[in-house]
Amino acid sequence: MSHIFLELERTTVVKTLINNIVDIEFLKEKDGHTRDMKCTLMESEIPDDKMPKSEMLWHYQDTDRVIKVFDLDVQQWRAFRLENLIKFDIDFT
């Protein structure tokens, strides 16, 4: 399966998430279903009790194949693989 998002650099995706709320759709590894998620890495949108206790989150974003994000709808951390991304739209609402 070919996804246009492979052209996006990982750092560009992470920087966009740090500065915006993003609507994404991705293919789940476990069952092959698609999942929609409104997510971000904006510190102002992540509750204090959900913030990482160290800089490990940001280091993880640079070294792992998985991008970890905060899902605003369920108020939990989730992850997706860049190669499974189907939609990546900044939420301007």
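What follows is a chat about a predicted model of a protein chain.

Trainee: What does the secondary structure of the chain come to?

Mentor: This is a predicted model, and in it the chain has 2 helices and 5 strands. Along the sequence they follow the pattern α-β-β-α-β-β-β.

Trainee: And how much of the chain is buried?

Mentor: Of the 93 residues in the chain, 38% are buried.

Trainee: What share of the contacts join residues at least 24 apart?

Mentor: Counting contacts between residues at least 6 apart in sequence, 61% join residues at least 24 apart.

Trainee: Let's go to helix α1. Which residues does helix α1 cover, where arginine 10 is found?

Mentor: Helix α1 covers residues 10-19, and arginine 10 is found in it.

Trainee: Is arginine 10 buried or exposed?

Mentor: Buried. The relative accessible area of arginine 10 is 19%, and the cut-off for buried is under 20%.

Trainee: What does the side chain of arginine 10 reach?

Mentor: The backbone oxygen of valine 66, at 2.8 Å. Strand β3 covers 66-71.

Trainee: What about threonine 16, where is that?

Mentor: Threonine 16 is also in helix α1. Threonine 16 counts as buried because its relative accessibility is 17%.

Trainee: Which residues is threonine 16 in contact with, leaving aside neighbours within four places in sequence?

Mentor: Val22, Phe88 and Ile90.

Trainee: New topic. How many aromatic pairs are there in the whole structure?

Mentor: A search of the whole structure gives 2 aromatic pairs. In one of them, phenylalanine 26 and phenylalanine 80, the ring centres are 5.8 Å apart and the planes are at 35°, so the pair is tilted.

Trainee: Where in the chain are phenylalanine 26 and phenylalanine 80?

Mentor: Phenylalanine 26 is in strand β1 and phenylalanine 80 is in strand β4. Phenylalanine 26 and phenylalanine 80 are both buried.

Trainee: Which residues form the edge-to-face pair?

Mentor: Phenylalanine 70 and tryptophan 77. Their rings are 5.4 Å apart centre to centre, with 70° between the planes. Phenylalanine 70 counts as buried, because its relative accessibility is 0%.

Trainee: Which strand supplies the largest share of the lining of the largest pocket?

Mentor: Strand β4, with 5 residues. Strands β1 (21-27) and β4 (76-81) each supply at least two residues of that lining.

Trainee: How do the residues of the lining of the largest pocket divide into nonpolar, polar and charged?

Mentor: There are 6 nonpolar, 1 polar and 6 charged residues in the lining.

Trainee: Last one. Which loop is glutamine 75 in?

Mentor: Glutamine 75 is in the loop between β3 and β4. Phi of glutamine 75 is near 55°, which is a positive value in a residue other than glycine.

Trainee: What does glutamine 75 count as, with its relative accessibility?

Mentor: Glutamine 75 counts as partly exposed, because its relative accessibility is 32%. That value lies between the cut-offs of 20% for buried and 50% for exposed.

Methods
Residues numbered from 1 in each chain as written. Predicted model: local features only at pLDDT ≥ 70, side-chain atom pairs only at ≥ 80, totals over all residues. Heavy atoms only, no water. Helix = DSSP H or I, 4+ residues; strand = E, 2+ residues; numbered from the N terminus. Nonpolar A, V, L, I, M, F, W, Y, C, P; charged D, E, K, R; others polar. Buried < 20%, exposed > 50% of the residue type's maximum accessible area, 1.4 Å probe, protein only. Polar contact = N/O pair within 3.5 Å; in protein donor to acceptor, adjacent residues only side chain to side chain. Contact = heavy atoms within 4.5 Å. Phe/Tyr/Trp six-rings, centres within 6.5 Å; stacked < 30°, edge-to-face > 60°.
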